[in-house]
Amino acid sequence: MELVVKRNEKKAIIGHLHTFCHKWAIFVVKYRNLIMAICSIVSTVGAVKIIKTPFLNDLNGWTPYGARSLAESNVWNQFFNETGTGSNFGIFVLIKPKVIGSNMLQEKMLAEVIRVDDLINWNITLQNHGTNRSEGFAEFCHNFCDINEPMRLFWKGFVTQMQDGAAAAAEAELSLRYPNINPHFHGITFANKNVTSSNMEFVEMIALQYKAERTLLGLSSDEMKEYLIRVSKYFENEFHSDSVRVLSISQSYVEAEFVRASLSMLPYLGIGFAVMAFCTAISIPLSAAYFQQATVHKVSLAIIACICPFMATGTALGLLLFCGMRFSSILCVCPFLVLAIGVDAAFLMTHAWNRFSKNAEDKVTTTPGQNDHVEGQVAEIMAQVLKDTGPAILVSALANILADAIGCFIGSPEITLLCLGNMVALGINFVFQSSYFVAVMGTVAIIERKTRKEIGTDKGISNFEVNMTTKQLYSRDSPLLEIDNLREQRIIPSYTMAAVFVNRPGNLSAPAQLAKVNELVGHFERLPESWGASSTMYFVRDFDQFLRTNADDGNGGTTGGDGRANASNSSIDRFFFTTAFHHENLTKWSRRVELLKEWRKTVDEYGKEIDASVHHDEAIFLDLMDNMPTDTWQSAVATLVCMALICLVMLQDWRTVLVATAVIAAIITETLGILSWTGEALNQLMIGSLIISIGFSVDLPAHFSYHYLTSAALHEANGEMINLRQKLKRTIRSVGLPSIQASISTGLCVLVDYWVDLYIAQIFVRIMCLTIFLCLLNTLLVLPALLTLTNALFGPSNNRKPQKGKMPMP
């Protein structure tokens with residue numbers, strides 16, 4: 001029996017597709033062994049490449065394209081690279097009492113802080129390739145060697161005060177007042193009366209910072225990361241103190257924890273595969289039993305249907321790695337995505353095979369002398385299967401690929417990597433499904449027709465808060481969670497620093513030019529959340545104080561670490577100053593975004609003539625806040641438009657395409673609305689999952705629409721007309737069961753990830769399961785209802801009269 005789609009073959013694209021599918025099926029069945037061997041070899045090579053390639057993560061990769069923070073970071077890097085010191089690296093250390101509620105403002109506690117500082121400065125060493133010596137931080141640092149010196153001065157003043165009284169400390173001109181000794185003290189309770197030279201009564205924790213330059217030391221990136229992680233591991237595992245605990249964090253440690261968290265997903269990938277394989281091994285034979293086509297070989301076919309997406313993913317990622325793509329940990333999500341999406345085509349193809357095989361005229365078991373006849377019969381049935389399902393699978397694949405292609409240009413480099421990996425994997429999965437899986441189906445069918453052993457003959461039987469933090473990259477047992485929580489809840493509200501770079505200060509000896517710089521500094525200090533002048537590190541004031549104090553001293557001075565001097569005329573080419581801010585609402589990311597905007601507005605308004613730029617360490621994450629809502633709706637709209645265009649070109653029925661597009665838009669809107677109602681925060685990880693789910697939401701409506709338009713083909717070939725009810729009945733019969741099978745198996749597969757103790761896995765599960773449910777509900781209920789409604793309002797989409805002598809089917 002030959003599948004005839006007479007009306008659709010008049011449409012050039014569908015007609016050419018049917019012709020190609022027919023020839024391709026015969027080719028694949030004929031050369032099935034060679035195709036299976038080639039696909040297996042290619043996927044094995046890709047898998048080996050993946051195993052041998054180390055992860056390489058970059059936190060800056062989460063910054064949106066074109067974000068202002070990138071330009072501000074370049075200003076920072078250019079400032080410190082001018083002397084050839086190279087890129088900075090650093091570590092943040094937080095010291096808190098072992099006994100909760102203890103005061104760090106005690107002599108023994110402060111002595112432990114100084115001991116920690118000495119350990120990092122002198123005891124924990126790395127190999128300086130510039131000097132060929134093993135050195136501690138105090139020996140290899142360059143620009144920021146004295147960044148913790150205020151803490152030492154405070155300790156000395158505190159000891160002097162305890163031993164000799166406040167008067168002696170005052171005589172020594174040691175100010176112990178906050179915020180003069182920023183940024184070390186956090187969780188402060190101020191004294192009601194200034195009984196000592198310090199205005200602090202209680203300190204919850206003390207922070208130290210260490211920054212150095214990698215290039216100056218001749219360090220490789222791996223050596224730098226090893227040193228930073230070694231510092232953190234030392235204080236986690238080897239450091240002993242009776243009174244304090246030491247927490248530390250660095251970019252390298254964050255990236256290492258992200259890798260560890262990502263690798264924790266891999267065991268669940270195996271569980272997901274087992275669940276998917278179990279579901280398909282049950283549902284595919286049951287579907288075959290309904291059509292009296294069930295054999296023991298259907299179980300092995302179901303297993304291979306689950307293996308095929310893994311082969312495609314290994315091939316795709318291996319190919320991209322061979323092309324030089326960075327192997328980010330976020331790519332660990334790709335196998336889950338491709339497995340969840342890629343099995344759908346297998347359900348459609350096996351269901352179609354069962355239908356056409358049941359209706360084939362020759363179902364007699366053949367003898368060995370009839371091998372050619374068996375192969376020819378299988379090839380013809382396979383041609384019918386591909387002609388029936390191939391265009392719909394192609395439309396679905398193109399929609400998914402385009403959704404990921406759009407995601408490559410929206411968001412950030414990390415999301416681009418995820419979308420690129422997923423896009424290529426889905427493309428190769430389509431190739432593998434139409435070649436490797438078809439070859440396997442052909443092999444199984446030939447074996448079945450030679451040795452048929454049925455296993456059953458009975459008929460039997462888916463408003464946002466914007467937020468993004470590094471904590472979402474960690475597993476729940478990460479040692480970095482505690483320090484990250486303390487930093488976000490206690491340190492940032494009390495001390496948030498802005499570094500302002502002045503790149504063209506001009507001649508500061510001229511009062512008018514100096515007034516411009518002072519005006520910029522003053523406006524920062526007058527912002528509502530500012531600590532004021534007491535927190536500002538501005539070399540001009542210190543230099544002026546020096547001149548007044550040493551009016552009779554003719555010796556010159558240097559600018560220190562916050563300025564770059566021109567040796568030829570002793571003028572300042574550029575410099576930077578820092579100032580601090582505080583507010584209890586700075587625990588909220590939205591308020592930090594507003595504060596960053598205020599800084600940038602101040603720089604733009606008062607610093608344009610002197611080429612000022614503001615730098616903040618968290619700006620790369622804060623810039624995400626404004627981009628994410630735009631990225632989300634742009635991805636949704638672009639995907640809808642692309643899907644509509646593809647379907648219109650392939651199906652050439654604008655009314656059906658319009659209805660299908662409306663259903664897909666409803667699925668996306670419902671998904672976003674429910675996520676908002678349940679309190680989910682919008683972030684880059686959610687956007688990545690949404691882009692994938694938007695592509696997935698196209699699958700079932702596209703399959704339904706295609707089969708709806710081609711459902712009358714057999715009857716129209718005989719000049720008969722079928723009514724809307726019959727068209728919908730045939731359509732649901734063709735795609736209903738495969739849709740339910742795919743939804744259940746995909747849902748169970750991704751549901752396994754819910755027990756991965758990682759935010760990216762859990763948000764992916766929530767979004768995918770919600771999308772699967774809404775997609776199934778809208779495809780099998782809403783889409784038929786809308787097609788019925790449009791048919792009642794506007795008449796049949798194709799107004800054709802029955803041929804003479806032929807009556808419409810009831």
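Tutor: Let's begin with a term: on a 1 Å grid over the protein atoms alone, a cavity is a set of points where a 1.4 Å probe fits but cannot get out, and its lining residues have an atom within 4 Å of a point. Grid points are joined across faces, edges and corners, and a volume is the space filled by probe spheres set on the points. Keep in mind that this is a predicted model, where local features need pLDDT of at least 70, side-chain atom pairs count only at pLDDT 80 or more, and totals for chains, interfaces and linings use all residues. Residues are numbered from 1 along each chain as its sequence is written, and side-chain values use heavy atoms, leaving out hydrogens and water.

Student: Okay, how much space lies in the largest cavity?

Tutor: The lining of the largest cavity has 14 residues, and I341, I393, S396, A397 and N429 lie nearest its centre. The space inside comes to about 160 Å³.

Student: Which elements give two or more residues to that lining?

Tutor: Elements here are helices (H or I, at least four residues) and strands (E, at least two), taken as DSSP runs and numbered from the N terminus. The protein chain has 26 helices and twelve strands. Those with two or more residues in the lining of the largest cavity are α14 (334–359), α15 (371–408), α16 and α23 (684–710).

Student: What share of the protein chain's residues counts as buried?

Tutor: Buried means under 20% relative accessible area, exposed means over 50%, and partly exposed is in between (1.4 Å probe, protein chains only). The areas come from the Shrake-Rupley method with a 1.4 Å probe, and for residues only the protein chains shown count as cover. The protein chain exposes about 34200 Å², with carbon and sulfur atoms supplying 59% of that. Of its 810 residues, the buried share is 56%.

Student: Moving on to charges, why are R68 and E72 about one helical turn apart?

Tutor: Their side chains meet in a salt bridge, 3.3 Å from N to O; the term means a side-chain nitrogen of Lys or Arg within 4 Å of a carboxyl oxygen of Asp or Glu. R68 is partly exposed at 32% relative accessible area, whereas E72 is buried at 2%. They are about one helical turn apart because they sit four residues apart in helix α4 (residues 68–81).

Student: Which helix holds R230 and E226?

Tutor: Those side chains also form a salt bridge, 2.9 Å from N to O. Both residues are partly exposed: R230 has 30% relative accessibility and E226 has 44%. They lie four residues apart, about one helical turn, in helix α10 (residues 221–237).

Student: Is R591 buried or exposed?

Tutor: R591 pairs with E598 in a salt bridge of 3.3 Å, N to O. E598 is partly exposed at 24% relative accessibility. With a relative accessible area of 17%, R591 counts as buried.

Student: How many salt bridges are there in the whole structure?

Tutor: Some of them link up: D484, R487, E488, R592 and E618 form a network of salt bridges. A search of the whole structure gives a total of 26.

Student: Which residues make the nonpolar surface patch of about 560 Å²?

Tutor: Patches use residues with over 30% relative accessible area and no salt bridge; like charges are joined within 9 Å, nonpolar side chains (Val, Leu, Ile, Met, Phe, Trp, Tyr) within 5 Å. The whole set is I740, I744, L748, L751, Y754 and W755.

Student: Last one: what is the phi of D611?

Tutor: D611 is in the loop between α20 (589–606) and β11 (612–615), and at 31% relative accessibility it is partly exposed. Its phi is positive, in a residue other than glycine, with a value near 55 degrees.

How values were computed: On a 1 Å grid over the protein atoms alone, a cavity is a set of points where a 1.4 Å probe fits but cannot get out, and a pocket is an open set with protein on both sides within 12 Å along at least five of seven lines; lining residues have an atom within 4 Å of a point.
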